[in-house]
Structure formats: structure tokens, C-alpha cells
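These are my notes from going through the model. I wrote down what I looked up, in the order I looked.

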Amino acid sequence: MAENIKFEVVTPEKLVVNENAQIVVAPGALGEFGILSGHTPFLSTLKTGVIRYADEKGKDHYVFVSGGFAEALPDKVTVLAESAERKRDIDKERAEDSLKRAQERLAQGKRDNDMIRAEAALQRAIWRLKMIG
Amino acid sequence: MATLKEVQNKIQAVKKTKKITKAMNMVATSRLRGAQQKMEGFRPFADKFEEVLGSLASKSGEDANDLLIPRDEVKNVHVIICTSDRGLCAGFNINITHEVDQFLEEKKDDNISFSFTNFGKKGRDWCRKNKYAIIEEQIGVVGAQFGFNVASVAGRNVIDKFLEGAYDEVYLIYSEFISMARQTPVLKQILPIPPIEIEDEDEGQEDKPYLAEHLCEPSADELLGDMLPQSVYVQLFSALLETSTSEHAARMAAMDNATKACNDMVENLTLVFNKARQAAITADLMDIVGGAEALKG
């Protein structure tokens, strides 16, 4: 088995994940990518979505991210995101509420800026809910 | 000479004031701890962000993005002022508005129109009093719990206006938290973004050259375009955090001084009270002795 890679998820509020991982799979702007130890230096923006990583024992974990980017170095992956939550930290009610609100706003169809924001909110809510199933 | 009752009332009043200032001091202390923790929690993000941004910027040209290009003619300047919502923190807000004043004074001759975004009631009130144009005001942010979205929404608005051409330059004024005893107002230009240099002051980092030459996805320029607005949010957020922390520190110090002043006053007043009491007793004794003498006579 190849070596593990250090994996960090940082938001403005706190350090969400700081672990060693076997593999990190992240939703890049141009498609999903997986990173193993020894990856070439790499930088990519991330879509709203879910990062999957396998810890040292090979157990899968999921982290929700939105509005961020990932930097991969041979021994380390850093994800900087505006918001990131582990599966257990997701607030189901809040996500459902915001899903409803976003749908209502989209249904009204007002100004452009609002639409973009509502769309983004919708995406986030959908992914959050998807993650907790 | 004040009567006994008057002095006593005054002592009571001062003691009550002292209770208030002491309570406020303690509240500020605990809030300060929270604010400091938040500031520290944000630091890893800010450091990493700056590192990556620096490495990207060094690869892209200086005019890779509209946000980087200085305008030839500066007609409209926007100023974001971060102050506290509440007073009782000594010269904290005055220091900040004074800095704004100086800034406006410097630019006064160039025929520029100014507009403002206010975080915090005190700065807004100051702008209203001086009849400045307030574009946006956010009350209840500084000194309270707030998330990154506050900074990103406000930042987005400013950037949109800048790109539309409504603003030619945007400045940010906030209070930097240097230590518990020192908070200084800082003026920063945030748009157009000043040329990004890779920070040298990062302790311990300078000897290790940054492993640049990333593969970029999408292209480096596009990535930069994504990150530059974010860097504005990051700066704004950090300014808000710093101002909040500074506010609590300033209030703590102010309330500490007030409590001490109360102690001094109580001490002095007690002295006055004792003297007055003694004088009254002496006068009473004189009366009694005088009366007794008269009866004897």
C-alpha cells in the first residue's frame, strides 16, 4: 500500500479535517479528481459537492464543501472552503429549510443576482441532504 | 460643607456605577476570549490563502484581472468603515473616525466624491452627522457572532459596483488588534487590488521557498479570477474580526479604568463623610457641654 497523504480542510471558522488519508476524491470544477500520495503539485477550484476520503484504515469519510479550492502537494492536500461540514455536523432541518426557501425564490424568478444566489443555495442544500441520505 | 446625607447618597451612587462598570468589564473579557479564538481559527485559512494566491499571482501577469488594474482617473472613492455598535469603550471609535477624517482631508483637493459602507452603528452615526453618502450599513455585526457570509455578501456588492465603474477605488478602515493594550486604526486599499507580493514576514516560512509550478485546473488566470474576489472577502472578514476583538479589548480597558476611578472616588468620599461625621459629633458634644455648663451656672 502506498503511503498516506496529509489531508486538511480549512474554513474561515475552523479546521474541519486534519487527518492522514489513503486517498482523497474531490469534485473539481472540471470534473472529479482523486489524489494519492506523491501527486504532482496541483491546484483546482471545487464545485459545491462532497469530498470523499479514506482514512488510514481504509474507512470512507465524507465532507461537504462549497465555494472553495484544493491544493495538492506530494505529501499534503489542503482544501480551503467557504463552508465545510462533516457528515455528522450537517443540520438536516436547516438544509431542508434552505432547500425550500431556494426553491421558492427560484420559482419567483426575480433579479439576476438573486437567482444566482438562490441557485447556489439550492445546490448546497441538495448536496447536504444527499450526503445524509 | 456637604451634609452627611448628601455625601452618603453620593457614595451609594458611585458604588452602583462601579457595579455596572465591573460587570461590563467581565462581559467584555469573556467576549474578548471568544473573539480572539475566532481570530485564531481564521488564521490558518488566511495564511494558506495568501500563500496560494501569492504563488498564483507570481505566475499571472499584472493585468490578468480587472480587479488588479488601477484606474487612470479616480473620481469615486468608496470607504468601508468598521466600528463598534456600542460605546463605552474609550476612544476606540473616535480613533477610527479620526483616521477617516485624515484620509478625507488628504484627498480633499482632488475633486473626488466619497461614499461609504458602514459596519457598526458608531461609524454610521458619524457619517450621518457629517452628511456623507452611506451606500450600505450593517448593524449588529461587529462585536457579535457573525459568519464568513457577512463578509462575502458585502464584498460581492463592493466588487460588483467596482466592476460597473461606480467606484474607482475602495478603501477599508478598521482597527487592528495588536495587543490587549494597543489597537490602532488601519487604512488599507482593497480595490483595485494592490500588486500581490509573496509575504516575507511569515515567520519561519521564508527560508523554505514555496513549491510553486502547480498544475492548474482551470487555467491559472481563471483560478486567479476566482480567488481575487475571495481575497477581498478574506480581507474584509479579517478586518471585521480584528475590529470586534479590538472593541472588546478597548472596552475591557476602559471599564477597568472606570472601576478604578470609582474606587478612588469612594475612598475620597468616605474621607469626606468621616470628617463631616466627626464634625457633627464634635458640634453635638459642644452643645451638650455648653448646655450642662449653663444649667450648673
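Predicted model: local features only at pLDDT ≥ 70, side-chain atom pairs only at ≥ 80, totals over all residues.

Entry 1. I began with the surface of one helix in chain B.

Entry 2. I then checked the helix itself and what lies over it. Helix α2 of chain B runs over residues 92-107, which is 16 residues. I looked up its reach from first C-alpha to last and got 24 Å, close to the expected 22 Å.

Entry 3. Next I looked at chain B as a whole. I counted five helices and six strands in chain B. Along the sequence they follow the pattern α-β-α-β-α-β-α-β-β-β-α. The radius of gyration of chain B is 28 Å, well over the 19 Å that the globule rule gives for 297 residues, so chain B is more spread out than a compact globule. I took the box along the principal axes as well, and the C-alpha atoms of chain B fill roughly 115 × 45 × 30 Å. Of the 297 residues, 31% count as buried. Among contacts in chain B with a separation of 6 or more, 79% are between residues 24 or more positions apart.

Entry 4. I looked up how chain B is divided. Domain 1 of chain B takes residues 4-25 + 254-296, and domain 2 takes 27-252. Their centres, over C-alpha atoms, are separated by 52 Å. The contact takes six residues from domain 1 of chain B and nine residues from domain 2 of chain B. On the domain 1 side, I found that α1 (4-59) and α5 (220-296) of chain B are the elements giving two or more residues. That side of domain 1 has four nonpolar residues, one polar and one charged.

Entry 5. The assignment gives domain 1 (5-88) and domain 2 (91-132) of chain A. I noted 24 Å between their C-alpha centres. Seven residues of domain 1 of chain A are in contact with six residues of domain 2 of chain A. On the domain 1 side, β5 (49-55) and β6 of chain A each supply at least two residues. β6(A) gives the most to that side, with three residues. By class I have three nonpolar, three polar and one charged on that side.

Entry 6. Last, I looked at where the two chains meet. How many residues of chain A are in contact with chain B? I found 20 residues of chain A in contact with 19 residues of chain B. On the chain A side, β2 (15-28), β4 (42-46), β6 (60-73) and β7 (76-86) each supply at least two residues. The largest share of that side is four residues and comes from β4(A). The side of chain A that touches chain B has ten nonpolar, six polar and four charged residues.

Methods:
Residues numbered from 1 in each chain as written. Chains lettered and ligands numbered in written order. Domains from an automatic or database assignment. Contact = placed C-beta atoms within 7 Å. Nonpolar A, V, L, I, M, F, W, Y, C, P; charged D, E, K, R; others polar. Expected span 1.5 Å × (residues − 1). Rg over C-alpha atoms; globule rule 2.2 N^0.38 Å. Buried ≥ 20, exposed ≤ 12 C-beta atoms within 10 Å, placed from the backbone.
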